[in-house]
Amino acid sequence: MNCKDCSEKLDRYVDRELNDTEVLELQLHLEGCPDCMDHYEFQDHLKRLVKHSCDCDTAPAAFREKLRQILT
Amino acid sequence: MAESPVRTAFAEEALTHLDTLYRGALRLTRDPDQAQDLVQEAYLRALRYQHSYQQGTNMKAWLFAIMRNLFWDRFKGSRKEDVSLDDSGDFALYDKLKDDGAKPEEDVLDKLAASEVVGAVEKLPPLHREVVLLVDVEGFSYKDAAQTLGVPIGTVMSRLHRARQQLQKSLYDYAVESGIVRSDGMKNVGSQRNRAEGSDFVGPRQVPQQ
């Protein structure tokens, strides 16, 4: 695998969408390529940052109870 | 009149996904009141079409699909209003920072407030925003996201890739506005980086096992 192949697969690697063989190939490349490792770490960090920033909102308790009254 | 036990059980199961639907509605509408209206209508529609839900399939994805379809029907009017994002190159924020000797994750991402990240997500065009919500925030697989949105997996991947590029650009703008980096591209965190360079060596990085 070269850096171009790695870059093309990085989204799917970060999203756990590669198959086992592709994961092993990509990890082997990352271990020997600091530039691609930096790219991977950045992409992975950005994904986690988006998740943690956006998933703290929860439905207000009063709204949950209102829905429960309406639906059940 | 009391509701049937079947309907009540269905509603109770559906309500276990309320936070996911509310978060999605909040990010799509960017308004708490509109989000509640959208979610309530989605639940009422889900109950009305309860018979079309196949037991054992992904109820969260089914509910989200109902909610986002209502969003497009009611709040946007037409999908043509959505703005496409050009494929304008990889790692925009990353490339802008790494040449300055900064460590983009530690020097910039770690310094961004959650509100700034949410703001960047909400600035995405809705078609791209909903893919980020499903895959990055709610952890949907590409396959589940594709089924939820009614598009091919390749479309999910391309929208996600472009959305992430746009997020980087928005976050770079926030970083400049908040003084984390200067507009000429030079980072403004030299003293912190120098301290890091003087810290103990922590060993080589490991590729995480998936």
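A helix here is a DSSP run of at least four residues, and helices are numbered from the N terminus. Keep that in mind as we walk through this structure, which is a predicted model.

Tyr22(B) sits in helix α2 of chain B, which covers residues 18–29. Is Tyr22(B) buried or exposed? A residue is called buried if 20 or more other C-beta atoms lie within 10 Å of its own. Tyr22(B) has 23 C-beta neighbours inside 10 Å, so it counts as buried.

Who are its partners? Setting aside neighbours within four places in sequence, Tyr22(B) is in contact with Ala35(B) and Val39(B) in chain B, and with Asp57(A), Thr58(A) and Ala59(A) in chain A.

Now slide along to Ala25(B). With neighbours within four places in sequence left out again, Ala25(B) is in contact with Ala35(B), Leu38(B), Val39(B) and Met67(B). Ala25(B) also belongs to the largest nonpolar core, a set of 55 residues. Along with Val39(B), Ala42(B), Met67(B), Val132(B) and Ala145(B), Ala25(B) touches the most other members of that core. Helix α10 of chain B (residues 153–177) provides the largest share, eight residues. Both domains of chain B take part, with at least three residues drawn from each of domain 1 (5–80) and domain 2 (92–195). There's a second, separate core too: it has seven residues, including Leu10(A), Val14(A), Leu30(A) and Tyr40(A).

Twelve residues of domain 1 are in contact with twelve residues of domain 2. On the domain 1 side, the elements giving two or more residues are α2 and α4 (59–76) of chain B. Sorted by class, that side has four nonpolar, three polar and five charged residues.

Finally, let's see how the chains meet. Here, 32 residues of chain A are in contact with 38 residues of chain B. Which elements of chain A give two or more residues to this side? They are α1 (3–14), α2 (20–32), α3 (34–54) and α4 (61–71) of chain A. Of these, α3(A) gives the most, with 13 residues. By class, the chain A side has twelve nonpolar, seven polar and 13 charged residues.

Methods:
Residues are numbered from 1 along each chain as its sequence is written. Chains are lettered from A and ligands numbered from 1 in the order in which they are written. This is a predicted model: local features need pLDDT of at least 70, side-chain atom pairs count only at pLDDT 80 or more; totals for chains, interfaces and linings use all residues. A nonpolar core is a set of buried Ala, Val, Leu, Ile, Met, Phe, Trp, Tyr and Cys residues joined through C-beta atoms within 7 Å. A residue is buried if 20 or more other C-beta atoms lie within 10 Å of its own, exposed if 12 or fewer, and partly exposed in between; C-beta atoms are placed from the backbone. Domain bounds come from an automatic or database domain assignment. Two residues are in contact if their C-beta atoms, placed from the backbone, lie within 7 Å. Ala, Val, Leu, Ile, Met, Phe, Trp, Tyr, Cys and Pro count as nonpolar, Asp, Glu, Lys and Arg as charged, and the others, Gly among them, as polar.
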